[in-house]
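Dear colleague,

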Amino acid sequence: MNILVKTADSTAITTPCLVFFMPEDRISSQFLSLLDEHFGKLVTAAQRNNEFRGRQAETLLLHAACTTGPSRILLVGIGKANAASLDTLRQAAGCAVAVLKQKNISKAAVSQSGLSIQRATEEQQAQAITEGILLANYQYLRYQNSNPDTSKALKQIVLLAAKAQNLSLLRRGTDKAQAICAGVHLARDLVNAPGNLKSPEFLAMQAVAMAEQNGIKAHLLDQARLQQLGCGALLGVAQGSARPPYLIVLEYTGDQTGTAPLALVGKGVTFDTGGISLKPADKMDEMKMDMGGAAAVIGTMLAAARLEIPINLVAVVPAVENMPSGNAIRPGDILTSLSGKTIEVLNTDAEGRLILADALTYVERYKPRAVIDLATLTGACIIALGNQAAAILGNDDKLIDKLLKAGQRSGERLWQLPLWAEYADQIKSDFADVKNTGGRPAGTITAAAFLQKFADQYNWAHLDIAGMAWEDKGKAGIPRGGSGFGVRLLIDYLLAEAGVK
Ligand code: BES
Ligand code: MN
Ligand code: ZN
């Protein structure tokens with residue numbers, strides 16, 4: 001999509017549609033009379049008749065009374081002015097796109113007049129609007145030859161600046177949004193790719209291609225190298241699949257002074273059948289999203305590089321396919337992990353924690369100042385939090401607090417679960433150092449307790465994104481399919497960590 005920033009008087013600009021964001025209260029009468037002048041009192045009439053009050057996600061599309069200026073106006077509610085946040089605005093922009101697409105309007109101008117989100121700059125507002133638009137306009141088209149909806153995507157957006165001095169400010173906002181959304185879109189593309197296309201090798205090649213185009217170092221550890229190292233947990237999961245595993249490593253150096261990196265680890269199960277502990281057929285197709293953590297991490301690396309965040313990052317993605325076969329691991333098998341710890345596999349469907357165990361040990365060599373892993377790890381997380389937040393657990397409350405705050409700011413919400421020592425009792429094994437399931441109670445926590453045993457050398461936070469990586473129905477700003485959850489959250493955290501606004 002083409003995104004332009006222009007100085008222009010909103011009611012004079014020629015455009016198929018002019019978008020306004022309106023609060024539920026506090027619409028200035030000056031502003032209303034300006035709109036009425038151009039739209040023949042339609043806005044006031046719509047308000048009087050309760051057709052449009054400015055409630056959040058409420059929209060109203062009107063045709064202009066004059067022959068000059070915008071042909072239509074689209075009002076989008078943002079709710080009570082003092083409760084509206086940047087995330088409200090981002091979602092409202094997503095609602096605008098939904099209406100424009102539905103009406104087959106491919107070009108629009110967006111006004112910021114009358115809009116002031118508390119504690120936000122105009123740059124931030126422009127960023128939020130652009131993000132909302134780009135995220136809502138996303139489509140995965142690789143396999144769609146004849147879908148009539150594909151032609152309905154927005155092609156051009158013009159952001160209007162009230163004053164010429166604001167142009168560069170707004171442009172900074174739209175540039176940032178485009179960098180971040182490139183990361184989100186990459187993550188979505190990776191999740192939406194079907195399992196037949198998306199082998200561990202495919203994921204590795206996509207990561208390498210992205211890295212090469214963005215000044216990021218990449219290297220791959222193949223099966224032979226993983227055997228040499230002794231990554232028995234990762235290799236155990238991989239052995240049921242005809243497609244070999246990879247450990248994908250990306251390094252971004254944004255800070256040349258050689259400070260310790262932050263490490264991002266993402267679960268990369270390209271398809272999770274459950275293995276010998278086979279999953280039921282119903283909705284198994286969704287298990288192509290079991291690399292949502294990997295996608296978020298790879299997308300974040302892209303966005304961080306585009307934004308040139310002054311921080312050092314290393315991303316580690318264990319990429320495997322979890323399949324049943326004559327070579328697959330069995331319940332009761334014991335694997336020796338890279339750390340040397342032995343793991344009794346009681347359920348081959350608890351594979352994510354196995355591959356993460358080796359990845360978490362592998363990152364130790366970078367002496368990271370903190371490690372954050374993202375994983376579609378447990379169905380129990382969906383039972384606990386549904387599709388409204390990811391779970392966060394870890395061994396460092398400061399790190400967790402920072403991530404919780406980034407979650408609030410970005411709208412990609414996190415909720416902390418406890419990781420009390422007693423939970424580890426549930427994963428004690430009679431035959432090995434640890435077992436890979438802790439039974440049904442507190443399934444998300446016992447999975448984290450398992451990971452904790454491999455993350456004891458550094459500050460660590462674990463994000464269980466099982467309920468967030470896949471959007472089942474489609475909602476404001478997220479079409480059905482991969483959501484790209486985690487990219488905006490991590491970028492928000494990284495920008496704060498690097499001390500840039
Ligand atoms: N990938 C799944 C978790 C999952 C389920 C993610 C639904 C997204 C949606 C994971 O590998 C898994 O199968 N976990 C098991 C663990 C159990 C066997 C201890 C689960 O949650 O049932
Ligand atoms: Mn599984
Ligand atoms: Zn899984």
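Donors are taken to be N, O and S atoms within 2.8 Å of the metal (3.2 Å for Na, K and Ca), and sites may look incomplete because water is not among the atoms. This is a predicted model, in which local features need pLDDT of at least 70 and side-chain atom pairs count only at pLDDT 80 or more, while totals for chains, interfaces and linings use all residues. Residues are numbered from 1 along each chain as its sequence is written, chains are lettered from A and ligands numbered from 1 in the order in which they are written, and side-chain values use heavy atoms, with hydrogens and water left out.

The manganese ion (ligand 2) and the zinc ion (ligand 3) lie 3.1 Å apart, with Asp272 coordinating both.

The zinc ion (ligand 3) is held by Lys267 (NZ), Asp272 (OD), Asp290 (OD) and Glu351 (OE) at 2.0 to 2.4 Å. Along the sequence these donor residues of the zinc ion follow the spacing K-x4-D-x17-D-x60-E.

The manganese ion (ligand 2) is coordinated by Asp272 (OD), Asp349 (O), Asp349 (OD) and Glu351 (OE) at 2.0 to 2.2 Å. Its donors are spaced D-x76-D-x1-E in the chain. The site of the manganese ion is irregular, with angles of 70 to 169° among its six donor atoms.

Ligand 1 has 17 residues around it (a heavy atom within 4 Å), and Lys279, Asp290, Asp349, Glu351 and Gly379 come nearest. An oxygen atom of ligand 1 is 2.9 Å from a side-chain N or O atom of Lys279, a polar contact (a pair of N or O atoms within 3.5 Å). The 2.9 Å distance also applies to an oxygen atom of ligand 1 and a side-chain N or O atom of Glu351.

Yours sincerely

How values were computed. Polar contact = N/O pair within 3.5 Å; in protein donor to acceptor, adjacent residues only side chain to side chain. Tetrahedral: all angles 85-135°; square planar, octahedral: opposite > 155°, others 65-115°.
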